[in-house]
Amino acid sequence: MASNFSRRNFLIAGTAAITTSTTIAIGQQKPGKTRVDLAKGQSRPFDRDRFVEDCIKAHMETDARSAVREVLARAVSDHGSVLKTLGDPSKAGLDVLLSSPTLTIFAAAWTPQMNLLPHDHEMWALIGIYTGREDNILWKQGENGIEAVTANCLFEGDVTTMEADAIHSVTNPLLRFTGGIHIYGGDFFATPRHQWDPETLEVEPSDGDVIKEMFARENERYNKVCL
Ligand SMILES: [Fe+2]
């Protein structure tokens, strides 16, 4: 692989996500992304209540998304501490830290080699990985439906930002669980959204209940195939 390609991120064309790692475009050098001051507060072990409080405070700032992202990046920079507090994932699911009309925070666990079909959020989103790895394909609306445009690989300690109109599909490529903290600038569970059939790319309605059913099916698959 060419030396200027990061193992963590590659870009096919365009971008809908901002990661803490360097992003390289084919035929186009993307500007380097700034890592936040990870030293700040790094010595304190992760505490879920304090983390939620810090996110709520950050969300009141003028540039709310950037401020919350900084809190998230600081937390997952010490991903071992987050894992110790939230626990090793053992099934697919969401551990909800905060559900409110303006801000949702949960820890999402992906089973080994789990795939999540293309979906949108209808609000900005942040993902910070604290164990394992998550690969994202970013899609965009084209004239004939959605088309893949970008991909990134998130490792432990990485953070990505997704715009409100982002569409992504997710894969855990590892033979072990992946865990990430997901933060949304709205009510993730009550907001009607969309998902796309992974084979036909036909659009379908989605919401919190649909996602929960998806996790239940995934756990059935994992228990049947992997255990
Ligand atoms: Fe998502």
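Tutor: We can start with Cys55, which lies in helix H1, residues 48–59; helices (H or I, at least four residues) and strands (E, at least two) are DSSP runs, numbered from the N terminus. This is a predicted model, in which local features need pLDDT of at least 70, side-chain atom pairs count only at pLDDT 80 or more, and totals for chains, interfaces and linings use all residues. Residues are numbered from 1 along each chain as its sequence is written.

Student: Is Cys55 buried or exposed?

Tutor: A residue is buried if 20 or more other C-beta atoms lie within 10 Å of its own, exposed if 12 or fewer, and partly exposed in between, with C-beta atoms placed from the backbone. Cys55 counts as buried because it has 23 C-beta neighbours inside 10 Å. For the chain, which has 227 residues, the buried share is 33%.

Student: Which residues is Cys55 in contact with, leaving aside its neighbours within four places in sequence?

Tutor: Two residues are in contact if their C-beta atoms, placed from the backbone, lie within 7 Å. With those neighbours left aside, the contacts of Cys55 are Val68, Val71, Leu103, Ile105 and Ile183. As for Arg65, it is 10 residues from Cys55 in sequence, and the C-alpha to C-alpha separation of the two is 9.7 Å. Turning to the chain, of the contacts between residues at least 6 apart in sequence, 71% join residues at least 24 apart.

Student: How many helices and strands are there in the chain, and in which sense do S9 and S10 pair?

Tutor: The chain contains 4 helices and 15 strands. Two strands pair if DSSP finds at least two bridges between them, and S9 (residues 133–142) pairs with S10 (residues 145–155) in the antiparallel sense over 10 bridges.

Student: Where is Glu122, which has a positive phi?

Tutor: Glu122, which is not a glycine, has a phi of about 65°, and its place is in the loop between strand S7 (115–120) and strand S8 (125–131). Glu122 counts as partly exposed because it has 18 C-beta neighbours inside 10 Å.

Student: What is the phi of Leu201?

Tutor: Leu201, a residue other than glycine, has a positive phi near 60°, and it is found in the loop between strand S14 (193–196) and strand S15 (203–206). Leu201 has 15 C-beta neighbours inside 10 Å and therefore counts as partly exposed.
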